[in-house]
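I opened the model and kept notes as I went. Entries follow in the order I looked things up.

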Amino acid sequence: MPNNLAAFAIHVDDVDRARIFYEKVFGWAFEPWGPPGFYLIRTGDDASPGVQGLMHKRIEPRTGTGMNGFEPTFAVDDVDAIAAAVEANGGTLTVKKSHIPTVGTLIRFLDTEGNDVGAMNYELPMHT
């Protein structure tokens with residue numbers, strides 16, 4: 001069995017601000033689920049459902065600097081469009097567009113909650 005990403009969770013300080021950020025940057029849909037401020041994230045559609053996501057308020061505050069959680073990278077069609085959307089919606093690019101030979105073109109950014117996220121246009125199609 002391949003070790004594919006099956007689900008992810010984003011822990012945030014401000015749920016509404018983060019939800020709006022990801023709606024605008026990636027076009028994800030959010031569905032309230034469970035306790036207040038807890039959402040299911042739909043990253044795709046019926047034809048290409050993507051990966052199941054969750055978002056909820058951070059239980060403990062972020063501390064220090066550097067990686068503070070999981071480091072996801074999402075497959076995208078256009079890293080330039082994603083980079084522009086990140087900056088237009090309050091995120092910060094941490095790695096400008098860079099090409100990784102035989103893999104693809106990558107950007108990394110901090111979302112509005114300080115989470116480190118990657119977006120890559122892969123040279124070969126990713127399989128879920």
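Which residues in α1 are buried? I found V15, A18, R19, F21, Y22, V25 and F26 buried (under 20% relative accessible area with a 1.4 Å probe, protein chains only). They sit on the same side of α1, because they cover an arc of only 160 degrees around the axis, taken from the directions from the helix axis to the C-beta atoms.

Basis for these notes: this is a predicted model, where local features need pLDDT of at least 70, side-chain atom pairs count only at pLDDT 80 or more, and totals for chains, interfaces and linings use all residues. Residues are numbered from 1 along each chain as its sequence is written, and side-chain values use heavy atoms, with hydrogens and water left out.

Next, the ends of α1. I noted a side-chain oxygen of D14 within 3.3 Å of the backbone nitrogen of D16, at the start of α1. Just after α1, G27 has a positive phi of about 75 degrees.

Then I traced the sheet. It is open, has four strands in the order β1-β4-β3-β2, and its pairing is mixed (two strands pair if DSSP finds at least two bridges between them). β1 (7-12) and β2 (29-32) are at the edges with a single partner strand each, so one side of each lacks a neighbour in the sheet.

I checked β1 against β4 (residues 52-57): they run parallel and six bridges join them. A9 stands opposite L54 in β4.

Last, the packing. α1 touches β1, β2, β3 (39-42) and β4, contact being heavy atoms within 4.5 Å. The direction of α1 makes about 150 degrees with that of β4 (lines fitted to C-alpha atoms, for helices over the stretch in contact; angles run from 0 to 180 degrees between N-to-C directions).

Technical notes: Buried < 20%, exposed > 50% of the residue type's maximum accessible area, 1.4 Å probe, protein only. Helix = DSSP H or I, 4+ residues; strand = E, 2+ residues; numbered from the N terminus. Polar contact = N/O pair within 3.5 Å; in protein donor to acceptor, adjacent residues only side chain to side chain.
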